[in-house]
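Let's take a walk through this model together, one neighbourhood at a time. Keep the sequence and the 3D view side by side as you read.

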Amino acid sequence: MANLANTGGEVPAGANADSVVVLDFGSQYSQLIARRVRELHVYSELLPFDTPWADIAARHPQAVILSGGPNSVYEAGSPHPDPALWTGGIPILGICYGMHLMAEALGGQVQSFARKEYGPAVVSVIEEEGLFAGIEPEQPVWMSHGDSIARLPDGFRPTARTDSTPYAAVADPGRRLHGIQFHPEVAHTKRGREILRNFVLGIAGARPNWTPANFIASSVDEIRRRVDEHSRATGTDGRVLCALSGGVDSAVAATLVHRAVGDNLTCVHVDHGMMRKNETELLQTAFEQLGVRFTVVKARDRFLRKLEGIIDPEQKRRIIGAEFIRVFEEEAAKLGRIDFLTQGTLYPDVIESATSAKEKSAAKIKTHHNVGGLPDDLAFELIEPLRYLFKDEVRAVGTELGLPDSMVQRQPFPGPGLAIRIIGEVTAERLDTLREADWIVIDEIKAAGLYRSVWQSFAILTPLLSVGVMGDGRTYANVVAIRAVTSEDAMTADWAKLPYELLGKISSRIVNEVPGVNRVVYDISSKPPATIEWE
């Protein structure tokens with residue numbers, strides 16, 4: 001169960017549900033492990049590798065999974081968990097580096113082997129039970145290791161092997177300790193999900209009771225409790241503002257809070273002039289139909305003044321984040337005392353905005369305006385009910401809440417809006433150009449029936465000008481880039497293989513319908529090494 005008391009006041013994501021803790025030792029797949037467990041309807045929480053055992057035990061998890069990592073366990077300074085973990089009495093699954101940690105800590109030996117394993121491999125199952133119950137004897141898996149176990153600790157035995165290592169999987173069934181050298185969380189391991197299911201639901205006995213309905217009930221109860229306690233302590237009404245951006249995240253967060261506090265919630269949408277075409281009007285209509293208090297603040301000129309001359313994307317994000325809060329504070333002053341601010345922050349936002357040491361968590365990639373862009377003197381307490389959810393989970397919650405499909409299935413849109421899809425300075429003219437180009441991209445992708453199958457699709461206004469020919473005359477005009485990606489959770493993404501005919505139609509419409517554009521290019525970069533957004 002998530003203990004979120006020290007993370008800004010967000011409500012528990014896994015309250016009243018069985019859970020699994022994943023300790024992150026720096027693997028590129030750590031977040032994917034947590035996702036795979038959640039797909040089993042068991043709540044999982046990703047924690048730093050050195051989280052004290054007392055903090056882990058306080059969450060009452062059914063099991064702990066140790067991620068892989070880039071280090072060698074025998075190197076000085078390599079990351080290790082709290083030693084109390086090994087005597088905690090709960091099931092543990094070590095994956096790759098996590099298995100090496102278990103072997104070393106309990107008396108075995110790990111060393112570098114001359115024969116490494118990177119990429120596809122085949123494991124031979126020795127014991128068709130436990131982790132491998134119902135799994136065929138020969139299994140394709142994904143390996144990524146140079147170290148291997150040379151000697152097992154007392155009580156352990158091999159449960160799978162490869163041609164390169166006799167210890168591709170090991171177990172001490174009496175203590176419910178298991179280790180695997182390969183990565184079950186990646187798609188290349190054919191039966192990886194079944195192996196994780198055998199551990200989480202079978203060996204650990206976790207109940208698959210983390211569902212959208214369970215999440216909604218526990219979240220609403222926790223929001224109501226928190227607001228009520230604050231009201232009693234301060235003698236106030238416990239009024240809440242919600243930063244409603246227009247995307248599915250803030251919409252779902254607002255609906256959850258509205259269920260908890262009713263008319264004590266006021267949704268504020270800041271029209272900073274960087275929204276997609278017609279977005280503000282559509283949003284206002286939808287929420288008024290839901291019976292939610294809703295107000296629009298027209299602030300385009302204010303934001304443009306703040307962004308004048310700014311070209312650095314981090315500065316853009318921080319300026320926009322800080323100005324958002326100032327607008328909310330001013331709006332709150334008009335409404336009377338406001339105690340809480342609700343935001344639609346998601347788990348990938350938190351992960352990508354991490355700033356702790358690289359061996360403890362993901363390196364900082366970019367500041368999300370609703371995570372890292374908040375001013376230090378914030379006048380509100382934060383309510384972030386979606387802080388530990390991935391996007392697909394938010395959509396499931398939105399559907400369970402009864403939100404219209406047109407809102408729930410909307411593609412992600414960044415809080416800073418079109419400002420971070422303009423490379424260079426943001427001006428009213430450049431916003432108008434991008435807005436029209438972006439509208440054409442979405443319009444054509446919807447017409448092609450691909451909107452739901454593409455994670456995100458949009459236009460970027462580059463800082464480039466290129467020579468062109470229009471009407472037998474020379475032009476020197478803007479270059480627009482098109483970005484479309486497929487993804488499960490935005491942690492990784494691949495460029496969408498859109499049909500050439502569709503790309504051609506988008507390009508033709510943009511250069512013919514958007515003044516000042518004479519060239520369109522298509523971005524075929526994956527994440528990593530690129531990010532989804534250009535800024």
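Helices (H or I, at least four residues) and strands (E, at least two) are DSSP runs here, numbered from the N terminus. With that naming, His60 sits in the loop between helix H2 (53-58) and strand E3 (63-66). Before going further, a word on what you're looking at: this is a predicted model, in which local features need pLDDT of at least 70 and side-chain atom pairs count only at pLDDT 80 or more, while totals for chains, interfaces and linings use all residues. Residues are numbered from 1 along each chain as its sequence is written, and side-chain values use heavy atoms, with hydrogens and water left out.

His60 has a phi near 55°, a positive value in a residue other than glycine. Is His60 buried or exposed? His60 counts as exposed because its relative accessibility is 60%; the cut-offs are under 20% relative accessible area for buried, over 50% for exposed and in between for partly exposed (1.4 Å probe, protein chains only). Arg176 also has a positive phi of about 55° without being a glycine. You'll find Arg176 in the loop between strand E8 (169-172) and strand E9 (177-180), and at 31% relative accessibility it counts as partly exposed.

Strand E1 (residues 19-24) runs parallel to E3 and is joined to it by four bridges, with Leu23 opposite Leu66. Strand E4 (residues 92-95) pairs with E3 in the parallel sense over three bridges, and there Leu93 is the bridge partner of Ile65.

Next comes helix H7 (residues 279-289). Which of its residues are buried? They are Glu279, Thr280, Leu283, Ala286 and Phe287. These residues cover an arc of only 130° around the axis, so they lie on the same side of H7; the arc is that of the directions from the helix axis to the C-beta atoms. An α-helix has 3.6 residues a turn, so residues three or four places apart point the same way. On the other side of H7, Leu282 and Gln289 are exposed. The buried residues pack against helix H6 (248-261), strand E11 (265-271), strand E12 (293-298) and helix H12 (405-408), with contact meaning heavy atoms within 4.5 Å. Just after H7, Gly291 takes a positive phi of about 80°.

Now for a pair of helices. Helix H13 (residues 428-447) and helix H14 (residues 500-513) pack at an angle of about 150°, their axes 10 Å apart. That makes H13 roughly antiparallel to H14; angles under 35 degrees count as roughly parallel, over 145 as roughly antiparallel, 65 to 115 as roughly perpendicular and the rest as oblique. Residues that meet across this pair include Ala437, Ile440 and Val441 in H13 and Leu502, Lys505 and Ile506 in H14.

Last stop: the segment after strand E18 (517-522), where Pro528 lies. A cis peptide bond joins Lys527 and Pro528, with omega about -10°. Another cis peptide bond joins Pro528 and Pro529, with omega about 15°.

Terms used
Axes are lines fitted to C-alpha atoms, for helices over the stretch in contact, and angles run from 0 to 180 degrees between N-to-C directions. Two strands pair if DSSP finds at least two bridges between them.
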